[in-house]
Amino acid sequence: MTQQYCTFHLGDLFFGVDVQRVQEVIRYQEMTPVPLADPVIQGLINLRGQIVTAIEMRAQLAFGPRPADRRPMNVVLRTEDGAVSLLVDEIGDVLELDDAHYERAPATVRHVVGDLVPGVYKLEDRLMLVLDTDKTLKAVAAA
Amino acid sequence: MEEPDEITTEFLVESYENLDQLDQELVALETTPGDTERIASIFRTIHTIKGTSGFLGFAELERVAHVGENLLSRLRDGVLALDEARTTVLLRMVDAVRTILGEIERNGSEGDARYDDLVADLERLQDPDATDAPAAPPPPKPKSNAAAAASPGGGAGPPNVSDSSIRVDVGLLDELMNLVGELVLARNQILQHAAGTDDTTFVSTTQRLSLITTELQEGLMKTRMQPIGHVWNKFPRVVRDLALTCDKQVHIKMEGNETELDRTILEAIKDPLTHVVRNAIDHGIETPAARVAAGKDATGSLSMRAYHEGGQVNIEISDDGAGVDLARVKAKAIGQGLISEERAQRMSDRELAMCIFMPGFSTAAQVTSVSGRGVGMDVVRTNIEKIGGVVDIVNRPGRGMTLKIKIPLTLAIIPALVVGSGGERFAIPQVNLLELVRLEGTAAASAVETIHGIPVYRLRGHLLPLAYLGEQLGMSPTARADGDHRPALNIVVLQADDRSFGLVVDEVFDTEEIVVKPLGPEIKKLSTYAGTTIMGDGRVALILDVLGIAKRARIVAEGHARGGDDPPAALPEDKRAPTRTMLLFRAGLEGRLAVPLDLVSRLEEVSEDRIERAGGHHVVQYRGGIMPLIDVRASLGLPAPADPEPLRQVIVHARGDRAMGLVVDTIVDIVEDHVDIERIGGAPGRVGSAVIQGHVTDLVDVRGLIERVDPTFFREDAA
């Protein structure tokens with residue numbers, strides 16, 4: 001069995017989300033900040049008339065702030081309550097990965113990214129962390 | 001030739017649709033005679049036609065449908081088997097029904113045709129043995145078929161009503177509405193772009209696009225409109241039943257049934273209207289005996305009227321009953337602790353009448369099945385306000401009352417004021433907007449006063465509490481300060497609940513038609529926003545929830561029951577006293593004192609040497625007149641502090657052009673708390689004591705103190 005992942009970079013880690021959940025991937029968009037909202041919520045984006053909440057993944061995963069000269073990219077996810085965008089550093093390719101290379105996330109990884117990453121794919125030259133989008137969005141809503 | 005009325009038209013449309021299906025079903029049934037579900041479905045259709053035609057007074061149609069229904073019921077129950085003869089006769093019945101419907105559509109009546117043969121056949125075939133049709137029935141069959149076939153296909157007559165209207169899925173309409181919303185936004189963007197170019201072709205095309213978009217928006221809005229009659233039609237029955245329960249005689253009159261409203265709004269006003277009607281009958285209209293005694297007709301009248309006015313819909317519900325008994329309302333409201341005695345004295349008749357909308361208010365002596373649980377009218381108002389409507393009362397004591405409801409036509413696109421703060425733009429729904437105040441230069445610097453940290457502005461002599469938008473949203477905490485170098489002060493005066501307050505913003509832009517979009521779940525929990533919208537430049541802007549902002553700024557009490565979220569039934573159980581805003585101060589050495597803030601017109605500082613004596617009282621020259629002063633310390637018999645401050649604080653209570661000043665030592669704070677007044681000991685000059693913010697605080701009897709100095713101060717003629 002293989003599965004397709006939409007990948008992105010965040011800090012020095014490499015992540016992937018289930019491609020089925022991704023509506024589209026877009027470059028940096030202007031955002032309207034939402035005062036009083038949790039800092040994880042970076043703002044609102046007008047995506048062709050659709051209002052999309054942008055979530056700063058660096059804040060969600062408690063990474064440091066993004067270097068000032070780098071603008072985030074958007075991984076727009078489809079959800080029941082409309083679209084949500086994950087702000088990431090860099091977009092990678094869509095990868096088709098074999099289940100054979102999958103392994104449950106070791107405790108040390110969980111230490112860094114919490115329980116949002118259930119597992120890891122061992123690629124040839126690096127690891128790809130699978131991001132559980134449902135859990136991520138739930139964590140944001142609970143924030 | 002008589003035009004069929006609306007109900008009949010609707011009946012025709014529905015029946016035609018069902019008949020088309022019947023033809024197919026009957027034919028299909030012939031091949032699968034055992035399909036009881038299908039027979040049941042046919043039965044229901046004919047049953048509906050029978051019921052409605054009887055109701056509308058189409059006797060022949062009812063007769064045909066009735067015997068057809070009988071036959072079908074026996075088929076459904078398995079007493080009879082469907083064979084060719086029965087199918088034929090049922091199809092003949094369908095044709096007959098169609099012919100009669102056509103006649104009704106053209107002439108408004110059934111015409112003179114009688115279907116005795118058909119009825120006889122239908123009856124005869126109910127007998128299980130009469131399977132073989134006699135020679136008589138077949139001949140009429142082709143005849144009636146031919147007649148029926150001629151009308152739809154021939155094109156000779158006018159088209160059926162069902163040809164000129166279709167049923168559309170509401171979901172599809174909602175989706176189209178969304179798309180038009182997008183189009184409006186795109187149009188706004190293009191308009192903005194066109195304003196900056198010289199390309200005349202582009203500009204004129206843009207104008208055309210703009211016009212078409214507006215027309216499309218209006219047209220689509222119309223498709224979502226339904227006449228208010230959809231909701232009203234059930235009221236005659238409600239009124240009749242209720243009148244019987246209450247032993248009253250009520251005649252209902254309705255006007256403007258055809259007034260159209262967006263279906264979401266129609267849905268939202270259904271329950272409030274029902275409640276108002278129930279209330280009018282239970283509380284408003286008197287018993288026949290009482291009415292006759294009052295010189296009125298024994299039968300009360302309830303009239304409902306709906307009409308369009310200025311892009312809004314007005315609904316008026318009037319009765320000719322007793323009206324609102326203001327004295328009783330006053331007594332009840334005070335008794336239930338909803339308002340204070342002092343406040344009640346100062347309320348106008350209209351304000352008193354509006355008390356019936358307070359949460360927990362009920363004048364019914366007894367809780368009946370109809371009303372009296374005190375959860376009604378406030379929910380009515382809450383629900384109406386939730387959709388951007390307003391409620392008002394015209395009270396005619398002894399002669400009845402009118403409830404006026406003003407509601408917008410639609411919720412999807414609303415007018416809003418766009419303001420700026422902290423570099424961001426926000427939209428404020430126009431329904432909350434009272435007025436705009438702009439102060440420039442030195443006026444801006446000195447306009448804002450603070451009462452112990454709470455900024456206020458004197459708007460035509462009244463203290464208007466202020467909230468700084470930037471500060472409330474945590475954007476620019478340093479922006480506040482009365483004397484900072486801001487060039488102008490923009491105050492947006494808003495209505496939240498019953499209170500008005502000023503929202504200070506950096507900039508005021510324009511009013512705009514905005515398309516309301518819902519908030520995502522991540523943001524919905526913030527009570528300060530009601531939704532989002534997209535501005536002309538494509539950026540997203542947040543729509544402010546005015547009540548949420550007011551609560552955040554503590555202008556409106558947080559716990560204030562606002563229907564909707566709280567189950568209404570919980571209200572009467574809430575034994576907590578209502579929250580009130582109190583001014584806390586000290587006089588002399590003794591403990592804390594308080595007066596309700598609504599009795600405070602202004603706060604002043606007076607130096608000891610400006611206090612003069614006149615007519616046996618201390619007075620001070622104030623605003624070109626003489627204001628008598630009451631020393632609270634002396635009046636309450638409190639010991640003086642060892643070294644009195646040279647500057648005295650004066651709480652001014654103004655009434656008309658007269659004013660009284662209460663002299664106190666220090667102003668402590670303004671707080672909002674549940675105030676439950678207890679009378680202890682009856683010390684002079686005090687209303688009682690209450691626990692405010694965990695401290696026992698004496699409430700000063702402002703009225704009593706003032707009357708000691710000037711007994712005429714509160715008389716109506718003296719004011």
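A:Ile45 stands opposite A:Val52, a residue of strand 5 of chain A. Strands here are DSSP E runs of at least two residues and helices are H or I runs of at least four, numbered from the N terminus. Strand 5 (residues 50-56) of chain A runs antiparallel to strand 4 of chain A, and six bridges join them. Two strands pair if DSSP finds at least two bridges between them.

Before going further, a word on what you are looking at. This is a predicted model, in which local features need pLDDT of at least 70 and side-chain atom pairs count only at pLDDT 80 or more, while totals for chains, interfaces and linings use all residues. Residues are numbered from 1 along each chain as its sequence is written, and chains are lettered from A and ligands numbered from 1 in the order in which they are written.

Back to the sheet: five strands of chain A form an open, mixed sheet in the order 3-6-7-5-4. Strand 3 (22-26) and strand 4 (41-47) of chain A are its edges, each pairing on one side only. Direction ignored, neighbouring strands of this sheet are turned by 25 degrees against each other on average (axes are lines fitted to C-alpha atoms).

Now to the interface. Contact means C-beta atoms, placed from the backbone, within 7 Å; by this rule 19 residues of chain A touch 20 residues of chain B. On the chain A side, strand 4, strand 5, strand 7 (82-88) and helix 3 (133-142) each supply at least two residues. Strand 4 of chain A gives the largest share, four residues. That side of chain A divides into 12 nonpolar, five polar and two charged residues.

Over in chain B, helix 5 (residues 116-124) has B:Leu118, B:Asp121 and B:Leu122 buried, that is, with 20 or more other C-beta atoms within 10 Å of their own. They cover an arc of only 100 degrees around the axis, which puts them on the same side of helix 5 of chain B. Among the elements covering these buried residues are helix 3 (59-76) and helix 4 (84-107) of chain B.

Finally, confidence: the model scores ipTM 0.88 and pTM 0.51. Chain B averages a pLDDT (the predictor's confidence in each residue, from 0 to 100) of 77, and 83% of its residues score at least 70.

| Stretch of chain B | pLDDT | Contacts in the model |
|---|---|---|
| residues 366-375 | under 50 | 28 contacts beyond four places in sequence |
| residues 559-576 | below 50 | 26 contacts beyond near neighbours in sequence |

Where pLDDT is low, the predicted coordinates should not be read in detail.

Terms used. A residue is buried if 20 or more other C-beta atoms lie within 10 Å of its own, exposed if 12 or fewer, and partly exposed in between; C-beta atoms are placed from the backbone. The arc is that of the directions from the helix axis to the C-beta atoms. Two residues are in contact if their C-beta atoms, placed from the backbone, lie within 7 Å. Axes are lines fitted to C-alpha atoms, for helices over the stretch in contact, and angles run from 0 to 180 degrees between N-to-C directions. Ala, Val, Leu, Ile, Met, Phe, Trp, Tyr, Cys and Pro count as nonpolar, Asp, Glu, Lys and Arg as charged, and the others, Gly among them, as polar.
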